[in-house]
Amino acid sequence: MREILHRMLNHESLTREETHDILIGITKSEFPMEQITALLTGLQMRGVTVDELLGLRDGILETGVPVSLNCDRYIDIVGTGGDQKNTFNISTCSCFVVAGAGYKVAKHGNYAATSVSGASNIIEAHGVSFTDDIDRLNRSINESGVVYLHAQLFAKAMKFVGPIRRALAFPTCFNLLGPIVNPSQPKCQLLGVANLDQMRLYNHVYQKIGIDYGIVNSIDGYDEISLTGDFKVTTNRYERIFKPADLGFHQADPALLMGGRSAGDAMKIFDSILRDEALPAQKEVVIANAAFAIQVLEGNKDIEECVAIARESIESGNALKTLKKFIEVNAA
């Protein structure tokens, strides 16, 4: 580690194998906390490279609990978080809309870090218990169309850096790992990022991983499609800036996307969307994110068709049925 730190001071990059080995060493308590802190600080100041991030990912997946789903094609819809917008659970709600349209979703998430309600908060609030039991996980995705993978049950390496991350007053490269360490390793993913630098980074990461992907960013700083203004989408097939009107939507008032002051407030919005009783802006933002996830899964469908599929999932009641079945299968 001393040699690694000297190289960092000389602005040298590390290889994928080196960061993999560092992660394994961290889980074996081979390095003093001070050295790990110095490493994370150096990476954050310089900016993590694609290979460095992939090496850490390799180590987390290797030391974690794998999830083998007996399902050929499914998607994860996730955001990097940290956009400080405190929106309701748009990505998680979109998962049930996508599943209600007949697709499979393996959602990987955790408790809130910077907002009122994270994915695990909203799932738990519905009376669901988290599990790493593979039979129950497979039953969930096959019977309801959705399986939820609570990150703390699977990414065992994260606990070794938890105290350091909490002590540092800034995000580290570990904040970037959450979206790419889904233990089921889906072949499709829709990722929301908070800025264009992250979009470029993940674009290269996904190309090396070799999956079908869509990366979205709202130009005004949301790590999802907010419809509060223009937004950019990068996929395996195209890169384009959209306006809400391009999809037939109105521009949204940011105040209508707020998650409220408590997890209970966020849950009310979440449920009202799936019951098709929400405000138009709330419903439309979920449809927009679900539509681009469907396009990642389908590949050759125009986004207008995907919007229609997502809208039908809500208005037919199928998205709500999916949520109810998911709760039934996973009840605490």
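Figure 1. At a relative accessibility of 0%, C93 is classed as buried. The model shown in this and the following views is a predicted one. The disulfide count for the structure is 0. For C93, the nearest cysteine sulfur belongs to C95 and lies 9.0 Å away, and C93 takes part in no disulfide. C71 is likewise in no disulfide; its nearest cysteine sulfur, that of C188, is at 10 Å. C71 has a relative accessible area of 15% and counts as buried, because the limit for that class is under 20%.

**Figure 2. The largest nonpolar core and the surroundings of I75.** The largest nonpolar core has 55 residues, and the members that touch the most others are I75, V98, L274 and F292. Helix α11, spanning residues 280-298, gives the most to this core, with 12 residues. Leaving out residues up to four places away in sequence, I75 touches V98, K104, V105, A106, C188, Q189, L190, A293, V296 and L297. Another core, of 43 residues, lies apart from the largest one; among its members are V50, C173, L191 and V205. In soluble globular proteins, nonpolar side chains tend to be buried together.

**Figure 3. The salt bridge between D212 and R73.** The side chains of D212 and R73 form a salt bridge with an N to O distance of 2.7 Å. The two residues are 139 places apart and belong to distant parts of the chain: D212 is in strand β5 (residues 212-218), and R73 is in the loop between α4 (50-63) and β1 (75-79). D212 has a relative accessible area of 28% and is partly exposed. R73 is also partly exposed, with a relative accessible area of 38%.

Figure 4. The whole structure contains 18 salt bridges. One of them joins the side chains of D246 and R240, at 3.8 Å from N to O. D246 is partly exposed at 32% relative accessibility, and R240 is partly exposed at 39%. Another salt bridge pairs K301 with E298, whose closest N and O atoms are 3.9 Å apart. E298 counts as partly exposed, with a relative accessible area of 28%. D276, K283, R311 and E315 are connected through a network of salt bridges.

**Figure 5. A nonpolar patch formed by L196, I219 and I241.** These three residues make up a nonpolar patch on the surface, and their accessible area together is about 250 Å². L196 belongs to helix α9, which covers residues 196-209. The relative accessibility of L196 is 32%, so L196 counts as partly exposed.

**Figure 6. L323 and its contacts.** L323 is located in helix α13 (residues 318-330). With a relative accessible area of 4%, L323 is buried. Neighbours within four places in sequence aside, L323 is in contact with F96, H126, F270, D271 and L274. One of these contacts, L274, is also among the residues that touch the most other members of the largest nonpolar core. A255 is 68 residues away from L323 along the chain, and the C-alpha atoms of the two are separated by 26 Å.

Notes. Residues numbered from 1 in each chain as written. Predicted model: local features only at pLDDT ≥ 70, side-chain atom pairs only at ≥ 80, totals over all residues. Heavy atoms only, no water. Patch = residues over 30% accessible without salt bridge, like charges linked within 9 Å, V, L, I, M, F, W, Y side chains within 5 Å. Areas by Shrake-Rupley, 256 points an atom, 1.4 Å probe, with all protein chains shown as cover. Salt bridge = Lys/Arg side-chain N within 4 Å of Asp/Glu carboxyl O. Helix = DSSP H or I, 4+ residues; strand = E, 2+ residues; numbered from the N terminus. Buried < 20%, exposed > 50% of the residue type's maximum accessible area, 1.4 Å probe, protein only. Core = buried A, V, L, I, M, F, W, Y, C linked by side-chain atoms within 4.5 Å. Contact = heavy atoms within 4.5 Å. Disulfide = S-S within 2.5 Å.
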